[in-house]
Amino acid sequence: KTKGKPLKDNKNVIQSYLLTVAKFQSNIYAKRILLHIVKANQDYLKGEKLNGAINVSEDIFKQREYTLDIKSVLSGDEDKNYARIINAFHLLQDKFIRLDTDKFHVSVPFIGNLLIEKGSGVAKFQMSEMIYKAFTDYTKGFRKFEFQLTMSFNSVYSIRLYELMSGQKNPLTYTIDNLKEMFCIADKYINKPTNFIKRVIEPAQKELDEKS
């Protein structure tokens with residue numbers, strides 16, 4: 001049931017299905033950073049003006065530099081935990097896309113070359129052409145969701161479930177093991193599926209019912 005009200009000027013964002021179902025561990029701040037990247041890539045691809053929270057520049061080697069207002073990923077004005085933001089960026093730097101071919105093994109992190117000038121409130125980082133293409137690959141399908149609504153969630157599991165379900169007219173079926181692998185928590189709640197439902201699914205469902 002839909003209980004929440006649509007947010008004003010809440011732009012729809014299109015996200016690659018590959019990224020939607022990707023297996024990676026995240027936290028709420030890292031996921032919000034990824035959401036900004038997805039939106040920025042979409043606007044950049046269309047040649048649209050970016051919203052000010054994040055901007056993109058590109059050099060002759062297709063290396064993209066992103067400038068992100070750190071406040072845009074915090075949980076309101078009362079959230080001053082910049083240390084967690086830095087840890088979230090480090091988490092994304094530790095995530096890789098890997099590719100094996102007959103000739104090459106390629107391993108590229110989600111983001112690189114992080115620079116945060118203390119006191120500036122701004123983070124600068126880069127994204128390679130390979131990662132950019134992976135983020136904008138819609139050949140396997142895509143999910144469309146409301147950006148501001150997604151940013152308002154306080155649980156990374158709420159976000160990921162919302163991304164999976166947004167715009168879907170038919171029921172989706174996932175096993176508990178499927179979801180645990182997708183969320184990279186396969187080593188938790190072993191032989192205790194009721195705990196997974198109680199601690200992961202039910203809190204996410206409650207937040208989804210309240211806001212979406």
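Hi everyone, and thanks for coming. The mean pLDDT of the protein chain is 85, and 91% of its residues reach 70 or more. Which element has the highest confidence, and which the lowest? Helix 8 comes out highest, with a mean of 95, while strand 4 is lowest, at 67. There is also a stretch to treat with care: over residues 1–9, pLDDT stays under 50. For that stretch the model has 11 contacts beyond four places in sequence. Where pLDDT is low, the predicted coordinates should not be read in detail.

Now please find helix 6, residues 156–165, on your screens. We will look at two of its partners.

One partner is helix 2, which covers residues 28–46. The axes of helix 2 and helix 6 come within 9 Å and cross at roughly 40°. Are these helices parallel or oblique? That angle makes helix 2 oblique to helix 6. On the helix 2 side, the residues that meet helix 6 are Ile28, Lys31 and Leu35.

From helix 6, Tyr157, Ser158, Leu161, Tyr162 and Met165 take part. They meet Val200, Ile201, Ala204, Glu207 and Leu208 of helix 8. By class, the contact between helix 6 and helix 8 has eight nonpolar residues, one polar and one charged.

Keep those helices in view, and let's move on to the pockets.

The largest pocket has a volume of about 610 Å³, and 21 residues line it. Nearest its centre are Leu161, Tyr162, Met165, Ser166 and Leu208. The lining divides into 11 nonpolar, seven polar and three charged residues.

The second largest pocket has a volume of about 250 Å³. Its lining has 14 residues, and Leu18, Leu19, Ala22, Ile97 and Phe110 lie nearest the centre. Helix 1 (17–20), strand 4 (96–100) and helix 4 (129–135) each supply at least two lining residues. Do remember that strand 4 is the element with the lowest confidence, at a mean of 67. What classes of residue line this second largest pocket? Nine are nonpolar and five are charged, with no polar residues.

Conventions
Residues are numbered from 1 along each chain as its sequence is written. This is a predicted model: local features need pLDDT of at least 70, side-chain atom pairs count only at pLDDT 80 or more; totals for chains, interfaces and linings use all residues. Side-chain values use heavy atoms; hydrogens and water are left out. On a 1 Å grid over the protein atoms alone, a cavity is a set of points where a 1.4 Å probe fits but cannot get out, and a pocket is an open set with protein on both sides within 12 Å along at least five of seven lines; lining residues have an atom within 4 Å of a point. Grid points are joined across faces, edges and corners, and a volume is the space filled by probe spheres set on the points. Helices (H or I, at least four residues) and strands (E, at least two) are DSSP runs, numbered from the N terminus. Ala, Val, Leu, Ile, Met, Phe, Trp, Tyr, Cys and Pro count as nonpolar, Asp, Glu, Lys and Arg as charged, and the others, Gly among them, as polar. Axes are lines fitted to C-alpha atoms, for helices over the stretch in contact, and angles run from 0 to 180 degrees between N-to-C directions. Angles under 35 degrees count as roughly parallel, over 145 as roughly antiparallel, 65 to 115 as roughly perpendicular and the rest as oblique. Contact means heavy atoms within 4.5 Å. pLDDT is the predictor's confidence in each residue, from 0 to 100.
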